[in-house]
Amino acid sequence: MQSGKKILEVRNLRKVYRTGEVETPALRGVDLILDEGEFASVVGPSGCGKTTLLNLIGGLDAPNSGTIIFEGVRLDQCSEKELSRIRLAHIGFVFQAYNLFPVLTALENVEYVMMLRAVPSAERRRKAMELLDSVDLAEMAHKRPTQLSGGQQQRVAVARAISTDPRLVLADEPTANLDSESAGQLLDLMEKLNREHGATFLFSTHDQRVVARARRVIHLRDGRVLKKNNGK
Amino acid sequence: MRTFFALAWRNLWRNLSRSLIMIAGIAVGLFGLIVYFGISNGFIYEMVDAAIELELAHIQVNKQGYLKNPIPKNSFAADSLFSERLEQIAGVEAASGRFKAAVLISSAEKSSRVELVGVDPAGEGLVTGIPSLTVEGEYLQPGDDRKIVLGGELAKSLGVEIGDKVVVMAQDKNNELQSFLLRVGGIFTSSAPSWDKTSAFVSLETMHRIVNHSGELTSILIRVSNEDTVDLIAESIRKSLAGERPDLQVSTWLEISPILSQSIDMFNNFVWIFYLIIYLAMAFGVINIMLMAVIDRTHELGVMRAVGTTPGQVMLVVLLEAAMLGLVGVAVGGSAAWLLNSYLSTHGLDLSYWSSGMAFMGIPNVIHSEIRTGEWALSFISAETAVIVASIWPAWRASRLKVVEAIQFE
C-alpha cells in the first residue's frame, strides 16, 4: 500500500555508454519520483533504457550526470563500498535470468542475503522456509536451481530479493523468460508481497499483460520518460 | 561464513576436469619435491655416515694445529685412561685413540704411499665401522703384533693376499727412516674405493714402534649416543679439557671436514632451488586455472556483488576455492610421496649404474630416502601457501569486476 512518503527521487539522470569512439546515450535526462509502497512498472521498447535506469537506481552503475536520492541518500555520490552496503540493506533484485547461485539449494539461495547481513543461522533458516512457503515452494527447499522450473526459480529469486525486508525491490523484466501462467503467478506473488510486506516494487517490462497489473506505469522512450502517467 | 565454505567447495566440482587438472598439478609438484627431498637427504646422510664411520667419527680430540697440519709431530701425550675419562662425559658412547702417519708400503711387486693408522683394536670398533668391513682374514685384535689390515683396493694394487708380507717404511720421531716387516692379516672393503686404496691399519703398539712416538696419539675419536647433540657434547668435552689440557682442541665432524660441509650445503641449496622451480611452475598453473574459473563465473560473481556481497567477500570465496583445491592436491601428492618414501626408506633406491661416481663421494650404491617430520610439515605447508599466494591475483581480479558489466557478461 502506498504511504505517500517519497522513497526515491531521480532528477535529470543521464547515462552514456562508450564503446571505443562510439557514444550511445542510454538515458537523456530522466525524472522520476517513487513513493513508498508503490507497485510500478517501467515500460518501453527494447533499448529504451529500462535496464539502465534500474541499474542506476540500484547502485549497480554510476550515472554520467543527474541525481538519485534513495531514502535521503545521494546514490550518485556514494562510493562502491557504500553502494554495496545500501544494496545489501535496502534493495532487493530480481533479474530476468533468475540468477540463482547454481551450487546452492533453493533454501540456501534465499538465506544468502540474510547470511551477508549476519542474521543468525537458525533465524535465517526459519525465515527462508517461511518465504519459500509463501511462494509455495517449501517442498523444493533442498533442490538446486537445475532441478526447478523457470517459474519456480523466479519465485525463489523473488523470495531471496525480499528476504531482508528491503525498502525497494527492483525487478528487471522478471517475467521475460516465463510462460503466461508462470508470469501470472509471479505477478500475483509480487503483488501479494507488496501488499503484505509493504516493499516498493519497480519492475521493467515490455509485456503489456504485465503492464496491466501495475498500479502505475512509467513510459520510457529513447532514454526519456514520457509525460503521460509518468509520475510526479 | 559456512555458506562461503559451501559455495567454494561446491564450486570446485562444477568443472571437474579443470579442478582435477589443478589438483594433479599440485599433487605431482609436491610429490616430486618430497621424493627429491627424501633422496637428497638420503645422499647427505649416506655421505655423512660414510665419513663418520670410516674416518671422522662424531667428535675428535687433536692437538692444537693438527687439523691444519696433520703430521706426526703434532701428536699429543695420552694414555688409555684418557679415553676412558672422556667416556665418562654425558652423551659420549665410546672414545678410542689413533696415531696416523704417511708411510710407504711395499710388496714384492709394487710400492704405494698410504695413510697408516695405528688403532686400539679393542676400542676402534666402538667408534668407527671399519672392523665390520673386513671381508677377508680378520681385523686387528688386542695383542696383535706386526699384523696389518689393508684396504681391498690397496691389496689389489700391491698384489698381496692374506698371509703375505709387506714392508712399511716411515720417518720416525728423530727423522730417521725406519722399515718394518708386517704380515697381511685382514682386508676390508668400504663404499669408498679411493679411500680403500690409501688406507691401512695396525695396532697402536705396532704403530708406536714404527714411528717411535710411544704414548702419543694424533687423535682420539669419539662416538656419541645422539647425533643431534654432537655440538652440545663437543662443548662439554671442551669445558672438561679447558683447564687441564689447553694444548688440545675438540672438533665435530662438520668442523673437521669443510669439504663435507660444503657438499651438504650444495645439496641443501639444490633443494631450495628445486623448491623454487617447482613452486613457480605450480603457481603459474594455479594462476591460469583460477583466472579461467573467475572468467567463467563472471556473471555469477556480478550477481553476488549485486545482491550485496562485498569485494572482500568475493575475494574470500575465490581464495577458499583455491585453498580447498590445494588441500586436495596436497593430500593426494603427499599420500603418494609417503607411499614411495616408505618403500625407498626401507628398500632404498638402487643407483648401481652410477656406482663409480657414487664411490668417488663415498656413497653406497643404494640410497635410502629419509624425511623428518618437520620436513614433511614444511613441504605440505609451503605447497598450500604457494597455492593460496598464487591465487591472490585471480581473487583480486574477481573482486574488482564492475558489477553491471559482470551481470551482462555471457
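The axes of helix 3 (residues 106-116) of chain A and helix 4 (residues 121-134) of chain A cross at roughly 125° and come within 9 Å. This is a predicted model. Helix 3 of chain A and helix 4 of chain A are therefore oblique to each other. The crossing of helix 3 of chain A past helix 4 of chain A is right-handed.

Which residues meet where helix 3 of chain A touches helix 4 of chain A? Helix 3 of chain A brings Ala106(A), Leu107(A), Val110(A), Glu111(A), Met114(A) and Met115(A). Helix 4 of chain A answers with Arg124(A), Arg125(A), Lys127(A), Ala128(A), Met129(A), Leu131(A) and Leu132(A). By class, the residues of this contact are 9 nonpolar and 4 charged, with no polar ones.

Chain B has a helix pair to set beside this one. Helix 12 (residues 311-347) of chain B and helix 15 (residues 392-399) of chain B also cross in a right-handed sense. On the side of helix 12 of chain B, the contact holds Pro311(B), Gly312(B), Val314(B), Met315(B), Val318(B) and Leu319(B). On the side of helix 15 of chain B, it holds Pro394(B), Ala395(B), Trp396(B), Ala398(B) and Ser399(B). This contact has 9 nonpolar and 2 polar residues, and no charged ones.

Two packed helices are described by the angle between their axes and the distance between the axes. The two pairs are tabulated below.

| Helix pair | Axes come within | Crossing angle |
|---|---|---|
| Helix 3 and helix 4 of chain A | 9 Å | roughly 125° |
| Helix 12 and helix 15 of chain B | 8 Å | roughly 145° |

Next, the sheets of chain A. One is an open sheet of 4 strands in the order 2-1-4-5, with antiparallel pairing. Strand 2 (22-35) and strand 5 (73-74) of chain A each have a single partner strand, so one side of each is left without a neighbour in the sheet. Strand 1 (residues 6-19) of chain A runs antiparallel to strand 2 of chain A, and 11 bridges join them. In one of these pairings, Glu9(A) has Ile33(A) in strand 2 of chain A as its bridge partner. Helix 1 (residues 50-57) of chain A packs on this sheet and touches strand 1, strand 2 and strand 4 (65-70) of chain A. The direction of helix 1 of chain A makes about 120° with that of strand 1 of chain A.

Another open sheet has 6 strands in the order 6-7-8-3-9-10 of chain A, and its pairing is mixed. Strand 6 (91-94) and strand 10 (224-225) of chain A are its edge strands, each pairing on one side only. Strand 7 (residues 168-172) and strand 8 (residues 200-205) of chain A run parallel, joined by 5 bridges. Asp172(A) has Ser204(A) in strand 8 of chain A as its bridge partner. Helix 1 of chain A packs on this sheet too, touching strand 3 (39-43), strand 7, strand 8 and strand 9 (216-221) of chain A. Its direction makes about 150° with that of strand 7 of chain A.

Chain B is assigned domain 1 (2-52 + 260-408) and domain 2 (65-246). Their centres, taken over C-alpha atoms, are 49 Å apart.

Key:
Residues numbered from 1 in each chain as written. Chains lettered and ligands numbered in written order. Predicted model: local features only at pLDDT ≥ 70, side-chain atom pairs only at ≥ 80, totals over all residues. Domains from an automatic or database assignment. Axes fitted to C-alpha atoms, helices over the stretch in contact; angles between N-to-C directions. Helix = DSSP H or I, 4+ residues; strand = E, 2+ residues; numbered from the N terminus. Parallel < 35°, antiparallel > 145°, perpendicular 65-115°, else oblique. Left-handed = near helix turned anticlockwise from the far one by under 90°. Contact = placed C-beta atoms within 7 Å. Nonpolar A, V, L, I, M, F, W, Y, C, P; charged D, E, K, R; others polar. Pairing = 2+ DSSP bridges.
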